[in-house]
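Open the structure in your viewer and keep the selection tool at hand. We will go from stop to stop.

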Amino acid sequence: MPPKRKAAPAVAITTPAVSVETISLPPGVKITWQLEDKAKDTWVVYSTEVQDALTAAVMSSRKQFNLTAGPRSALTIDMEKMVQRTSKGAEKRVRGLVETKEETLKSR
């Protein structure tokens, strides 16, 4: 007969409540979201629908979210790493250009 094993101590994991704060852009400020195309050494502007989704995600402090761009493109956008990731794991950099009446600022 094998020896009895001691029971593992119970572990309680608690998660602090997370509040999501919505931030709004000041009047006259716009964010233009772009995706890096390394092959062409350029940045491509996302469609209006994707622009709106990215801005909404940032304004609601979301760090990561899934996005469907077209009928076959399931993407994950990681706002902490500033990358777009495909379902196969390929990553491309993402940036946001903050435009005001005075100047354009790059997010990275």
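What follows is a short tour of a helix, a strand and some of their residues. Keep in mind that this is a predicted model.

**Stop one: the helix.** Select residues 48-59, helix α1. Its twelve residues should span 16 Å at 1.5 Å a residue, and the end C-alpha atoms are 16 Å apart, which agrees. Now colour the buried residues of α1: Val50, Gln51, Leu54, Thr55, Ala57 and Met59. What do they pack against? Show β1 (30-37), β2 (42-45), β3 (64-68) and β4 (74-78); the buried residues of α1 pack against these strands.

**Stop two: threonine 55.** Stay in α1 and pick threonine 55. Is threonine 55 buried or exposed? Its relative accessibility is 17%, and buried means under 20%, so threonine 55 counts as buried. Next, show the side chain of tryptophan 33, which makes a polar contact of 3.0 Å with the side chain of threonine 55.

**Stop three: past the helix.** Select serine 61, which follows α1. Its phi is positive, near 60 degrees.

**Stop four: arginine 85.** Jump to strand β5, residues 83-86, and select arginine 85. Arginine 85 counts as buried, with 18% relative accessibility. Which side chain does it meet in a polar contact? Show glutamate 91: the two side chains are joined by a polar contact of 2.9 Å. Not counting residues up to four places away in sequence, arginine 85 also touches residues including Ala74, Leu75, Thr76, Asp78 and Ala90.

Key: Residues numbered from 1 in each chain as written. Predicted model: local features only at pLDDT ≥ 70, side-chain atom pairs only at ≥ 80, totals over all residues. Heavy atoms only, no water. Helix = DSSP H or I, 4+ residues; strand = E, 2+ residues; numbered from the N terminus. Buried < 20%, exposed > 50% of the residue type's maximum accessible area, 1.4 Å probe, protein only. Polar contact = N/O pair within 3.5 Å; in protein donor to acceptor, adjacent residues only side chain to side chain. Expected span 1.5 Å × (residues − 1). Contact = heavy atoms within 4.5 Å.
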